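Subject: Structure handover

Hello,

Here is the structure for you to look through. My notes on it follow below.

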Amino acid sequence: MKITIIGTGYVGLVSGACFSEFGHEVICIDKDKDKISKLQSGTVPIYEPGLENIVQKNALEQRLKFDTDASKAVPWADTIFIAVGTPSSRRGDGYADLSFIYDAAREIAPLLTGYTLIVNKSTSPVGTARQVARIIRETNQDAHFDIASNPEFLREGAAINDFMKPDRVVIGVETEHAADVLKDVYKPLYLIETPIVQADIETA
Ligand SMILES: NC(=O)c1ccc[n+]([C@@H]2O[C@H](COP(=O)([O-])OP(=O)(O)OC[C@H]3O[C@@H](n4cnc5c(N)ncnc54)[C@H](O)[C@@H]3O)[C@@H](O)[C@H]2O)c1
């Protein structure tokens with residue numbers, strides 16, 4: 001499968017690297033030029049046991065690429081994961097700032113071609129996926145897409161193991177087609193009998 005990740009931070013990089021290790025073709029996008037140029041030269045900007053090996057191996061085998069420009073990676077992808085940060089809101093009210101997710105949706109929308117599954121991997125409250133879908137529909141009325149949620153539970157320091165051998169994978173979907181695409185993305189985990197917990201999009 002062809003997977004584009006928007007946001008190559010902790011979660012985006014670990015997910016992108018592990019998806020390429022599953023055998024998928026992956027492009028990781030980030031706005032941070034310095035981070036992307038390091039990754040393009042094989043330097044991993046975070047310390048995570050095992051990650052550098054996976055990144056270097058899959059980059060060498062051309063399954064894992066890094067870019068600052070989403071204009072080719074978005075139309076190319078069958079599945080796009082949004083993995084941008086959701087910091088605590090500056091209002092100090094305990095809510096997450098979802099503006100990075102919504103900005104990413106606005107950037108992706110005009111670039112979509114053909115059917116694409118857009119998956120929110122960032123930690124966010126109920127209702128976020130529907131907001132993302134609304135933004136995409138408003139920005140590009142011709143977009144042919146499904147939206148899904150796939151929250152990430154990895155722990156820093158144990159991220160590769162948590163990603164490759166999770167207790168379960170949680171997917172929130174609105175259509176069976178979206179569920180089938182995500183099951184294909186996670187097929188190697190399904191084959192080792194990892195439970196795939198499927199829920200309605202707003203409860204995942
Ligand atoms: N770090 C963890 O251990 C962890 C674990 C589980 C879930 N999460 C959740 O996953 C999400 C991502 O967390 P993280 O720790 O990876 O964040 P991070 O801050 O390390 O990375 C986010 C990246 O997204 C990039 N970005 C922001 N907007 C962008 C855009 N429009 N286009 C391209 N790149 C963009 C930033 O430059 C940054 O590199 C958050 O919602 C977080 O709560 C994190």
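Predicted model: local features only at pLDDT ≥ 70, side-chain atom pairs only at ≥ 80, totals over all residues.

Glu193 sits in the loop between helix 9 (187–191) and strand 8 (196–200). Its phi is positive, about 65°, although Glu193 is not a glycine. That deserves a remark, because most residues other than glycine have a negative phi.

Gln62 is another such case. Gln62 is not a glycine, yet has a positive phi of about 65°. Its place is the loop between helix 3 and strand 3. Gln62 has 9 other C-beta atoms within 10 Å, so Gln62 is exposed too.

**Overall build**

The protein chain has 9 helices and 8 strands. The C-alpha trace spans about 40 × 40 × 40 Å along its principal axes.

Of the 204 residues, 39% count as buried. Take the contacts between residues at least 6 apart in sequence: 70% of them join residues at least 24 apart.

**The ligand**

How many residues surround the ligand? There are 26, and the closest are Gly7, Gly9, Gly85, Ser122 and Thr123. By type, the shell divides into 10 nonpolar, 8 polar and 8 charged residues.

Helix 1 (10–21) and helix 5 (99–108) each supply at least two residues of that shell. Helix 5 gives the largest share, with 4 residues.

**Helix 5**

Helix 5 also has a buried side. Ile101, Ala104, Ala105 and Ile108 are buried there. Seen down the helix axis, the buried residues fall within an arc of 100°, so they line one face of helix 5. The general rule behind this: an α-helix has 3.6 residues a turn, so residues three or four places apart point the same way.

What covers that face? The cover of the buried residues includes the following elements:

- strand 1 (2–6) and helix 4 (70–76)
- strand 4 (79–82) and strand 5 (115–120)
- helix 6 (128–139)

**Helix 2**

Which residues of helix 2 are buried? They are Lys35, Ile36 and Leu39. Down the axis of helix 2, these fall within an arc of 95°, so they line one face. Strand 3 (64–67) is included in what covers them. The face turned away from the buried side carries the exposed residues Lys33, Asp34 and Ser37.

Asp32 lies in the loop between strand 2 (25–29) and helix 2 (33–40). Asp32 has 14 other C-beta atoms within 10 Å, so Asp32 is partly exposed. Its C-alpha atom is separated by 13 Å from that of Gly12, which is 20 residues apart from Asp32 along the chain.

**The nonpolar core**

The largest nonpolar core has 56 residues. Those touching the most other members are Ile6, Ile80, Ile82, Ile108, Ile118 and Ala148. Helix 1 gives the most to this core, with 6 residues. Ile108 is one of the buried residues of helix 5 as well.

Where does Ala148 make its contacts? Leave aside neighbours within four places in sequence. Ala148 is then in contact with Leu117, Val119, Ile171, Gly172, Val173, Ala178, Leu182 and Ile201.

**One more residue: Gln56**

Gln56 is found in helix 3 (residues 51–60). Is Gln56 exposed or partly exposed? With 15 C-beta neighbours inside 10 Å, Gln56 counts as partly exposed. The C-alpha atoms of Gln56 and Val185 are separated by 21 Å. Along the chain, Gln56 and Val185 are 129 residues apart.

Best wishes

Terms used. Residues numbered from 1 in each chain as written. Near = placed C-beta within 6 Å. Nonpolar A, V, L, I, M, F, W, Y, C, P; charged D, E, K, R; others polar. Buried ≥ 20, exposed ≤ 12 C-beta atoms within 10 Å, placed from the backbone. Contact = placed C-beta atoms within 7 Å. Arc of directions from axis to C-beta. Core = buried A, V, L, I, M, F, W, Y, C linked by C-beta atoms within 7 Å.
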